[in-house]
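The following note sets out points for a colleague who is reviewing this model. The points are numbered so that each may be taken up separately.

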Amino acid sequence: MTDQTNSGSCCSSDGSCGSGAATDVQGIGVTTVYKVSGMTCGHCEGAVSQEISALEGVTEVKAVAKTGEVTVTSAAPLDEDAVRAAVDEAGYELVGRA
């Protein structure tokens, strides 16, 4: 195990992050792309993906910090307020649909 210094950020000084970025589950359904502000690294992507993945009916989530886009596949259309609450719980802001 290596020692790490916590600087108060999930990112290293070069902006990289070592955590996974998305939850990938194969599924068929409705795909919606949302814009989320505030994501800067893989940890951010993971946090947003984890919260949205917990919503009922969600089968796949792919968050991309570079573009601020989160692609969500679900069995049926999701309530945007539920997605907004999940993104808020992760600590970011849902701007709307892309």
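This is a predicted model: local features need pLDDT of at least 70, side-chain atom pairs count only at pLDDT 80 or more; totals for chains, interfaces and linings use all residues.

1. Salt bridges. A salt bridge is taken here as a side-chain nitrogen of Lys or Arg within 4 Å of a carboxyl oxygen of Asp or Glu. By this rule the count comes to 2 salt bridges.

2. The E80 network. What links E80, R84 and R97? These residues are joined in a network of salt bridges. R84 and E80, by contrast, both lie in helix 2, where 4 residues, about one turn of the helix, lie between their positions.

3. Are R84 and E80 buried, exposed or partly exposed? R84 has a relative accessibility of 35% and therefore counts as partly exposed. E80, at 26% relative accessibility, also counts as partly exposed. The cut-offs behind this reasoning are under 20% for buried and over 50% for exposed, with partly exposed in between.

4. Confidence. The pLDDT of the protein averages 82, and 72% of the residues score at least 70. Two stretches call for caution. Over residues 12–16 the pLDDT is below 50, and this stretch has 2 contacts in the model beyond near neighbours in sequence. Over residues 18–27 the pLDDT is likewise below 50, but here the model has 23 contacts beyond near neighbours in sequence.

5. Overall architecture. The secondary structure comprises 2 helices and 4 strands. Read from the N terminus, the elements follow the order β-α-β-β-α-β. Among contacts in the protein with a separation of 6 or more, 69% are between residues 24 or more positions apart. The protein has 98 residues, of which 33% count as buried.

6. Strand pairing. Which strands pair with strand 1? Strand 1 and strand 3 run antiparallel and are joined by 6 bridges. Within this pairing, T31 has T73 in strand 3 as its bridge partner. Strand 1 also pairs in the antiparallel sense with strand 4, residues 93–97, over 4 bridges. Here the bridge partner of V36 is L94 in strand 4.

7. In soluble globular proteins, nonpolar side chains tend to be buried together. The largest nonpolar core of this model has 22 residues, of which M39, I52, V70 and Y92 touch the most other members. Two or more residues of this core come from each of strand 1 (30–37), helix 1 (42–53), strand 2 (58–64), strand 3 (69–74) and helix 2 (80–90). Setting aside residues up to four places away in sequence, I52 touches V58, V61, V70, V72, V83, A86 and V87.

8. V58. This residue is found in strand 2. V58 counts as buried because its relative accessibility is 15%, the limit for burial being under 20%. Leaving out residues up to four places away in sequence, V58 touches I52, S53, V72, T73, S74 and L78. V58 and L78 are 20 residues apart along the chain, and 8.3 Å separates their C-alpha atoms.

9. V64. Where does V64 lie? V64 also belongs to strand 2. At 27% relative accessibility, V64 counts as partly exposed, whereas V58 counts as buried. The contacts of V64, not counting residues up to four places away in sequence, are with M39, E45 and E69. V64 and V48 are 16 residues apart in sequence, with 9.9 Å between them in space, C-alpha to C-alpha.

How values were computed: Residues are numbered from 1 along each chain as its sequence is written. Side-chain values use heavy atoms; hydrogens and water are left out. A nonpolar core is a set of buried Ala, Val, Leu, Ile, Met, Phe, Trp, Tyr and Cys residues joined through side-chain atoms within 4.5 Å. Buried means under 20% relative accessible area, exposed over 50%, partly exposed in between (1.4 Å probe, protein chains only). Contact means heavy atoms within 4.5 Å. Two strands pair if DSSP finds at least two bridges between them. pLDDT is the predictor's confidence in each residue, from 0 to 100.
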